[in-house]
Structures are given as C-alpha cells and as structure tokens.
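Come and look along with me.

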Amino acid sequence: MKIAVYGASGYQGKLVLTELARRGIESVLAGRSLARLDKAASTVGLSDAERRVADTDDHEALVNAFLDCDGVINCAGPFTSSGEAVVRAAIAAGSHYVDTSGEQLYVKKIFDTFGTAAESAGVSVVPATNDGCLPVDLMAQILADRLGPVEEIVTTHMVVGGGAMSRGSLRSLVETIDAIKAGGFAYYDGDWRSGMPARHTAITLPGHSEATPVMAFPVSEVVTIPRHIRLRHVEGLTEAALGDQLNAPLTPEIIESLPEGPDEDSRRAQRFTYVLDAVSTDGRRVRGIVQGPDTYGTTAVIAVESARRLIADPAKPGVLAPAQAFQPIAFLDFLIPHGIQWNVEGPSV
C-alpha cells in the first residue's frame with residue numbers, strides 16, 4: 001500500500017506523515033517545493049521517503065505525482081482555491097482520494113463536480129475526512145437507524161483549548177470568511193440555502209446546566225448528511241462567542257509571523273465536543289455525542305484510516321459521504337483507542 005500526501009510539508013501534512021509511518025504504510029511526499037518536502041521528511045523521520053514536486057496549476061505534474069499510488073491524502077489548504085486540481089489529478093491517476101478540508105463550499109463543489117468522473121475511473125473520493133465531519137456524519141447515520149424517518153438533524157461543534165490554529169487553518173479561514181460570517185449553507189426541503197438565520201440560538205451541551213449561545217456555522221456535514229439520509233432540515237452551529245474572534249484582522253503578514261501550529265502540549269490539552277440532535281418525523285428525539293482530544297492529531301488518524309480503508313476494502317466508486325464509504329459503528333469504534341468517545345442518548349427504538 002502506497003499513499004501520497006499532498007501538502008506534506010504543512011502542519012497537518014506532517015502529522016499525517018507521522019501517522020502513516022506509525023501504521024507502517026509507505027508514503028510519498030508531494031507538494032510545491034522540494035526544499036520544503038526535504039525538510040518535512042527530515043522532521044518526521046522519513047528521510048528515505050520518495051518526494052514528488054507538483055504545483056496545483058500543472059495537471060500533468062500532479063497526475064504524475066500520484067501515479068502508482070493507491071490513495072491520495074490532500075492536506076494542502078486553502079482547499080477552496082486549490083483542492084479541485086488535486087481531486088482531478090487523483091482521479092486521473094486512478095487513486096482513491098480523501099482530504100482534511102473543513103471548507104463547506106469546497107466540499108459541496110466536490111460532490112457537485114466530480115461524481116461522474118470518479119465513477120468512470122473506478123475510484124472513491126471522500127472529502128472532509130477530518131475530526132469534525134467524519135465522526136459527525138457517521139453518527140448521523142447511527143441516529144437515523146435508531147429513529148427511523150428523520151425530520152431534522154442539528155449539529156453543534158464546540159472546541160476548548162488547543163492553542164492557536166495552524167497557519168493553514170488561518171489561511172482557509174481568511175479565504176472563506178464571507179461564507180463563515182454568513183453561516184454557510186443549511187439544508188431545507190431538498191436544497192442547500194445560504195445565509196439562513198439559525199433556527200436555534202442556544203443549546204444545552206453535555207455536562208452543562210445552562211444553555212450555551214450558538215450561531216450558524218458552515219460545517220461540512222450539512223453537505224454530507226443529506227447524501228445518505230432523507231430528511232427535511234440539517235443545520236450546523238458553533239458557539240456564538242466565535243463571532244467576536246472572526247472580526248479580528250488577519251493579513252498574510254500576520255499569519256506568516258505566527259507559529260506553524262499549536263505545540264504538542266497544547267494539542268493534548270484540547271477537547272472537542274460535537275453534538276447531534278435528531279428529531280424523527282413523529283417527534284421523537286435522540287442525541288449523539290462525540291468527544292475527544294486534539295483536533296489536528298485526530299484528523300491525521302481519521303484521514304489515514306479513511307484512505308487505508310478505501311484501499312483495503314473499496315467502497316463504491318464516486319464522491320461519497322463518510323457514511324456511504326465506511327460502516328459507521330466500526331469506524332467510530334476504531335477511534336476509541338485514540339481517545340474518541342461516542343454515545344447515543346435517547347430511545348432505543
């Protein structure tokens with residue numbers, strides 16, 4: 001098994017390389033700069049790993065970078081501006097594709113653009129295999145199986161601690177800030193609608209006695225969940241306090257002056273909680289909860305395992321939501337030894 005990591009020299013890319021090495025999976029380091037790839041290989045202890053240089057504006061070079069690789073993990077954000085080129089090249093090379101994107105509009109565009117090409121090439125494309133979208137999407141299917149016909153799913157993301165975001169995450173934030181401030185898409189009656197006001201203004205989180213103010217947020221599962229669950233409404237939320245942080249100015253110079261990403265101690269201290277509140281068509285309610293540490297480290301584990309599963313046990317070809325590509329309970333249980341906890345609260349039938 002050989003997996004190419006595009007954006008291998010970035011913060012998330014190096015964590016993915018480290019996870020591949022831990023799993024004993026051969027990796028190919030791919031990116032725009034040989035010097036940066038050499039430095040990344042040395043940093044993560046993969047000095048003998050193959051390097052392949054390709055820019056996103058050179059389709060032929062990108063295809064050659066992925067040839068003879070069983071899969072591609074794309075960690076090179078912002079994905080909104082460069083991700084499509086990597087998807088297109090992976091499909092042309094006949095390689096299964098996953099990425100670590102959390103950019104909602106990009107994820108939607110991949111579904112809208114590449115389904116036929118991926119099917120024709122016999123490869124599976126699963127965007128947003130990160131700490132948030134994948135476990136939440138899998139949990140949504142578990143809740144739907146529990147409830148029966150579903151009316152609504154509302155997801156809420158809360159992250160505490162962990163230090164500053166990586167430079168790559170900040171660049172993605174800047175590139176997609178307008179969509180973030182608008183709340184992104186929500187799903188209503190068979191269509192994705194932008195700029196809709198949040199239907200919920202406060203959510204009581206696990207372990208909290210009082211409700212937490214929330215705001216609409218463009219999470220990727222708003223795009224993926226309706227791909228495999230028939231329902232009327234999907235909405236994504238996060239804590240309202242994030243709105244103040246989004247107003248802080250971020251220039252390329254400021255971002256470049258910051259550390260590459262949080263240090264290991266900060267990542268270990270981080271905790272995330274993702275809550276799904278589902279309502280059936282007859283009014284029954286059930287809640288799914290996913291909790292864990294270290295969003296960047298967890299994303300590396302999830303992306304590597306996603307690529308490995310697509311290669312070892314192929315899903316159907318095409319662009320797929322996580323729950324279409326993977327068995328939900330089996331994947332979530334795989335994450336338990338990595339510090340992820342998940343549970344369902346509500347009726348068993």
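Which residues line the second largest pocket? I found Leu 15, Thr 18, Glu 19, Arg 22, Glu 264, Arg 267, Arg 268, Asp 294, Gly 297, Ala 300 and Val 301 there.

A note on the model: it is predicted, with local features needing pLDDT of at least 70 and side-chain atom pairs counting only at pLDDT 80 or more, while totals for chains, interfaces and linings use all residues. Residues are numbered from 1 along each chain as its sequence is written, and side-chain values use heavy atoms, with hydrogens and water left out.

My terms: on a 1 Å grid over the protein atoms alone, a cavity is a set of points where a 1.4 Å probe fits but cannot get out, and a pocket is an open set with protein on both sides within 12 Å along at least five of seven lines; lining residues have an atom within 4 Å of a point. Grid points are joined across faces, edges and corners, and a volume is the space filled by probe spheres set on the points.

Second largest pocket: I noted a volume of about 250 Å³. α1 (11–23), α12 (264–269) and α13 (295–312) each give at least two lining residues (helices are DSSP runs of H or I, at least four residues, and strands of E, at least two, numbered from the N terminus). α1 gives the most, with four.

Cavities: I looked up the count and got one of 30 Å³ or more. The largest cavity has about 60 Å³, and its lining includes Phe 185, Tyr 188 and Glu 235. β8 gives the most to this lining, with three residues.
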